[in-house]
Amino acid sequence: MWIRSTMAYRASFAMTTFGSFAATFFDFVAIMLMFSRVDALGGWSLPEVAFLYGLSAVSFGLADLVVGSMDRLGRRLRDGTLDALLVRPAPVLAQVAADRFALRRLGRLTQGSLVLGWALSRLDVDWTAGKLLLMPLTLASGCAIFCAVFVAGAAFQFVAQDAAEVQNAFTYGGTTLLQYPPTVFGKELVRGVTFVLPLAFVNWLPASYVLGRPYPLELPGWVVGAPPLVAVVCCASAGLAWRAGLRSYRSTGS
């Protein structure tokens, strides 16, 4: 329904999609401006940082396209309109994710894909079968991890009821963090996004393997195969949090 509504105004759709593309493009422009003054950032060259950026942007772009509307849940909790979703013969999670589905988010995904393609064309990588297989697994796992963060953030809104910005700090803030190499951050922060909120498995660890760089925190080599497992654990945990939050919902009382 939302896609048909969007395509009814094709010029508006084209402009908003381009706006989404341009807004995210300037994030990468900022990185390029940094490299106009330095040759490396934390020991990483521009194509290597672009590789990190592309993996993060594509993974987040896919998740944002699928479940990016989860931050609207707080508004529905406050005005009581979540009740209408509860009586429909469809999963509430799917309905919230599709609420005001924004096809313009394809602009973000397109921009990230272009940067990733440019980075791959500039990198001197000895591509093996394992590295080639790792690429789609990394993107799928990264998307699932970000989806889990979106859902967990929405579950937290059942308690806070007005926590959209808190949720955005971990979703949009998380993808911005991953656009830069782990070597520019303190070890405490790197530990936090590896063992607490495992965003490092979205791109830092797979990219380190592909580029032949040391893993953050001197982790063992087998962790390169962990992103799918981490994604499953994150999604299962987010699902439990969502069900717990939904069971605790008591409407507005009006």
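Reader: Why are H3 and H7 called roughly antiparallel to each other?

Author: Happy to explain, and please keep in mind that this is a predicted model. Helix H3 (residues 46-67) and helix H7 (residues 106-122) pack at an angle of about 150 degrees. Angles over 145 degrees count as roughly antiparallel, so H3 and H7 are roughly antiparallel to each other. Their axes lie 7 Å apart, and their crossing is left-handed.

Reader: What makes up the contact of H3 with H7, by residue class?

Author: The residues of that contact divide into 18 nonpolar, five polar and three charged.

Reader: How do you know that H8 is roughly antiparallel to H11?

Author: Helix H8 (residues 129-160) packs against helix H11 (residues 204-211) at about 165 degrees, with axes 11 Å apart. The cut-off is again over 145 degrees, which means H8 is roughly antiparallel to H11. This crossing, too, is left-handed.

Reader: Which residues of H8 and H11 meet?

Author: From H8 come Lys-131, Leu-134 and Thr-138, and they meet Pro-206, Tyr-209 and Val-210 in H11. By class, the contact has four nonpolar residues, one polar and one charged.

Reader: Which residues line the largest cavity?

Author: The lining consists of Thr-24, Asp-27, Tyr-53, Ala-57, Arg-108, Gln-111, Thr-175 and Gln-179. Helix H2 (10-35), H3 and H7 are the elements that each give two or more residues to this lining. Its classes are two nonpolar, four polar and two charged.

Notes: Residues numbered from 1 in each chain as written. Predicted model: local features only at pLDDT ≥ 70, side-chain atom pairs only at ≥ 80, totals over all residues. Heavy atoms only, no water. Axes fitted to C-alpha atoms, helices over the stretch in contact; angles between N-to-C directions. Helix = DSSP H or I, 4+ residues; strand = E, 2+ residues; numbered from the N terminus. Parallel < 35°, antiparallel > 145°, perpendicular 65-115°, else oblique. Left-handed = near helix turned anticlockwise from the far one by under 90°. Contact = heavy atoms within 4.5 Å. Nonpolar A, V, L, I, M, F, W, Y, C, P; charged D, E, K, R; others polar. 1 Å grid on protein atoms, 1.4 Å probe; cavity = no way out; pocket = protein on both sides within 12 Å on 5 of 7 lines; lining within 4 Å.
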